Amino acid sequence: MILTVMISGQERDWFDVEVPDDCPAAQLKDMLGVRIYGEAPPEGSQYILEGKFPEGLWFPVKDAQDVAEAGLREGCMVRIQRAFSTTTEEAPSFGRRNLFQYEWNRVMES
């Protein structure tokens, strides 16, 4: 199958790549990472592969799937993004606010 690879966020830069239906998603991700970024993911980062139908939304493609199992078909678009992480711990929640501040709304309604 032929997939269109989006390089930039504005979807202006792209190229087509031909892959077999049974190509593992992890292999496609590695191949695209080397082609786009020039290297395999360095220590502390990873590449995330996402797919999109021409009129759809982006969805993640899992490494354990083949390209066809992931739902990608001829003419779909794919993109690869870098994600950086230096720790496995969660960030502290100092200063975190609720999206909906119910207590403040109750005070204002009274």
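Three salt bridges are present in the structure, which is a predicted model. The chain has 110 residues, of which 28% are buried. Its secondary structure comprises two helices and five strands, and these elements follow one another from the N terminus as β-β-α-β-β-β-α. The five strands make up an open sheet with mixed pairing. The points below take up the salt bridges, the sheet, the individual strands and the charged surface in turn.

**Salt bridges**

- Side chains of opposite charge can pair when their charged atoms come close.
- One of the three salt bridges is formed by K29 and D63, with the closest N and O atoms 2.8 Å apart. Because K29 belongs to helix α1 and D63 to the loop between β4 (59-60) and β5, this pair ties together parts of the chain that are 34 residues apart in sequence.
- The side chains of E50 and R79 form a salt bridge with an N to O distance of 2.6 Å. E50 lies in strand β3 and R79 in strand β5, so the contact ties together parts that are 29 residues apart in sequence.
- With a relative accessibility of 15%, E50 counts as buried; R79 is partly exposed, its relative accessible area being 21%.

**Sheet architecture**

- The strand order in the open sheet is β2-β1-β5-β3-β4. The edges are taken by β2 and β4, each of which has a single partner strand, and therefore one side of each is left without a neighbour in the sheet.
- At one end of this order, β1 and β2 run antiparallel and are joined by five bridges. Within this pairing, T4 is placed opposite D16 of β2.
- Strand β1 also pairs with strand β5 (residues 77-84), here in the parallel sense and over three bridges. V5 has V78 of β5 as its bridge partner.
- At the other end of the order, β3 and β4 pair in the antiparallel sense over two bridges. G51 is found opposite F59 of β4 in this pairing.

**Burial and exposure in the strands**

- How many residues of strand β1 are buried? Four of the five residues in this strand (residues 2-6) are buried, and the strand is thus described as mostly covered.
- In a regular strand the side chains alternate between the two faces of the sheet.
- Strand β2 has a covered face with F15 and V17, and an uncovered face with W14, D16 and E18.
- D16 on the uncovered face of β2 is the residue that stands opposite T4.
- Q81 is located in strand β5 and counts as partly exposed because its relative accessibility is 33%.
- Q81 and I48 are separated by 33 residues in sequence, yet their C-alpha atoms are 5.1 Å apart in space.

**Negative surface patch**

- Which residues form the negative surface patch? The patch consists of E18, D21, D22 and E74.
- E18 is also a member of the uncovered face of β2.
- D22 is situated in the loop between β2 (14-18) and α1 (25-37). Exposure over 50% is the criterion for an exposed residue, and D22 counts as exposed because its relative accessibility is 54%.

Note on methods. Residues numbered from 1 in each chain as written. Predicted model: local features only at pLDDT ≥ 70, side-chain atom pairs only at ≥ 80, totals over all residues. Heavy atoms only, no water. Patch = residues over 30% accessible without salt bridge, like charges linked within 9 Å, V, L, I, M, F, W, Y side chains within 5 Å. Areas by Shrake-Rupley, 256 points an atom, 1.4 Å probe, with all protein chains shown as cover. Salt bridge = Lys/Arg side-chain N within 4 Å of Asp/Glu carboxyl O. Lys, Arg positive; Asp, Glu negative; His and termini not counted. Charge placed at Lys NZ, Arg CZ, Asp CG, Glu CD. Buried < 20%, exposed > 50% of the residue type's maximum accessible area, 1.4 Å probe, protein only. Pairing = 2+ DSSP bridges.
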